Amino acid sequence: MTRRVAPLQVTLKYGLSDNTINILFEVHRSRHVQISHRVLLCTQPFLDEDDDELDEHDIPGFTAPGLPPPVPDKGKSRAPDPAIQTNNTSMPAQGISGNIGSSSAPHKPARQTIGGIRVETRYTGADTLDEPVTATITRDLLSIYSKLVQVLYPRKSTGREVLRDWDLWGPLLLCLALGMMLSVNAPASQALGVFTSVVVIVSVGSLVVTVQAKLLGGRVSFFQGLCALGYCIAPLDIAALISCFVRIIWVRVPVALVAWAWCIWASINFLDGTKIEQQRILLAVYPLLMDDSDTVITSCICYGLMHLGVVREHFCSPLLQFAAADQDKTFTLVECPSGTGQLISRLTNDEIDIAIALTDPLIAGIAKGSKAYKLVGSYVTSPLRWAVITGFKDSPYNHISDLQGTTLGISRNGSGSQTMAYVMALQQGWPTDGLRFQINNDIRGLIDSVNDGSTSAFMWEWFTTKPFADKGECRFIGEVPTPWPSWLIAAHPTRAAPSDVRQFLDKLTGYVRTFSSPEHRAGPSVAFIQQTFGYPEADVKAWLQAVTYPDDCAEIPEHVITNTLAVLEKAGVATAPHEGRFDVAEFVDTSVTTLT
């Protein structure tokens, strides 16, 4: 209910000078002009300001001759101001009362209009101008903590106080954290869009919520709305953090829905502090339902994508065609230029869900006890043609036999270049325990090492390295084909749902069949490899004549695993368990693939 207030009461509330008070009082006595708290010559005698600007229970009293006495307030009387007595002796000293300047008064925010600009001041009860920076940061952190507690465990009695003492540090940190967590795990082509959408949704959403609350009679400013919405996304940050470590969609979706409901619950408590009628609270919350639901959907889309590690080579042509058609809707490619060693490392570090990698390092890793992945499918069924490569100039190595006892270059420990070095040593009759290696990361590092003499040779896929040999950067001195099919598909045991992996394999099978069909081998497949990798047409046709793909990518012949293990044992790369034989079932995920 609006309350009639003595006109000059507000002048004391806003801290007018003593001379101004005396002048106004004389004008009032002579002309009986009523002064409003907003415009001094306004005749509006009522106080109708929002709750954040003026509290009707803390209005100081003022008594003057000829004016009705003010309603008693909650402040304590204080001694009359000497300046007023000196400048205007006709004013009785006992006419001034209130809590202006009293240290016992509650500290309320005040707003003034100075030069046409509205300024808000807040008094914290202490002089903060010269306080240490650490004290300021500590106070801000405690304020953020108190609001986070209010969001995570809403209590209706504190909604109004939290709205009154708004800040933007907490919302900024929560918004940036949510945007970064969603964008980092999103596909590279969507990362910027995801981050931007989170910031825009929170900012625009706060404006919509503020307008809605104003229309419904609430007392809330734009910054209060931004603060409320910003803190209310804290549960979504928790859901995004959980989704960073849990990739199963049936776990992520319930967590996201619970976080969404949690946000709405906290938002209702915040909006309750704006004095909106109870029956209108749901109308005010409606924009929040849409705002937070958009963020939840964004979260589910980003974290629903599978991350597929791949080495971009001509073998991956069917996969690249699949990825171009999919457009990051179900999976996104993660480039691993260092080869299979890097793929296995990323599987182990929970950075990717699926990897298409060389057969021997994958099987060797599981044989050595790795639990980071299981075999889920086949990709290329023909052997891989490994070239033995040395330096182009002044290299003393002209045959494979010249390499015995020298240092060989490899990309990483456990990579195909290392495994095939053991196979080459086995074929040449060299002791495998005497092999020495130097890690050079990728094809460029390997080529540089054979030319500067730090390594004698390295092994890499023939057609991938041939363009470098044609340019005179390296030289072939032999080749070693693999005694097993060259490429298999492995998946992380928990990051990707078996149904999603199986669906991916079924679609990949369709692209593999199309790419390797006779009509495509004669034309479209050749053109695709030429355009994508720049290989000469003669080399592409020679490779297509030798390579074979499986009829079903979701099947793995059992003999592929057993034969590979037998060769790896002879080469000293893998050691059978104490029982004397490996259990093939431990190498595959039978919920996805089928052993044939």
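**Entry 1: the end of α15**

My helices are DSSP runs of H or I with at least four residues, my strands are E runs of at least two, and both are numbered from the N terminus. The model is a predicted one, so I kept to its rules: local features need pLDDT of at least 70, side-chain atom pairs count only at pLDDT 80 or more, and totals for chains, interfaces and linings use all residues. Residues are numbered from 1 along each chain as its sequence is written, and side-chain values use heavy atoms, with hydrogens and water left out.

Next I checked the length of α15. Its 13 residues should span 18 Å at 1.5 Å a residue, and the end C-alpha atoms are 18 Å apart, which agrees. The expected span is 1.5 Å times one less than the number of residues.

How many of the 13 residues of α15 are buried? I found ten, among them Met420, Tyr422 and Met424. Buried here means under 20% relative accessible area, exposed over 50% and partly exposed in between, with a 1.4 Å probe and protein chains only.

**Entry 2: the five-stranded sheet**

I traced an open, mixed sheet of five strands in the order β9-β8-β10-β7-β11. At its edges are β9 (436-439) and β11 (474-481), each pairing on one side only. Pairing requires at least two DSSP bridges between two strands. From one strand to the next, the twist averages 35°.

I then looked at β8 (residues 407-410), which runs parallel to β9 and is joined to it by four bridges. Leu408 has Phe437 of β9 opposite it.

Back to α15 (residues 416-428): this helix packs on the sheet and touches β7, β8, β9, β10 and β11, at about 70° to the direction of β11. Contact is heavy atoms within 4.5 Å. Axes are lines fitted to C-alpha atoms, for helices over the stretch in contact, and angles between N-to-C directions run from 0 to 180 degrees. Helix α16 (residues 443-452) lies across β7, β8, β9 and β10, at about 150° to β10.

**Entry 3: strand β12**

Why is β12 (residues 487-491) largely enclosed by the rest of the structure? Five of its five residues are buried, so the strand is largely enclosed. Trp487, Ile489 and Ala491 are on one side, with Leu488 and Ala490 on the other.

I noted two antiparallel neighbours. Strand β5 (residues 354-358) pairs with β12 over five bridges, and Ala355 is partnered by Ala490. Strand β6 (residues 374-380) is also joined to β12 by five bridges, with Gly377 opposite Ile489.
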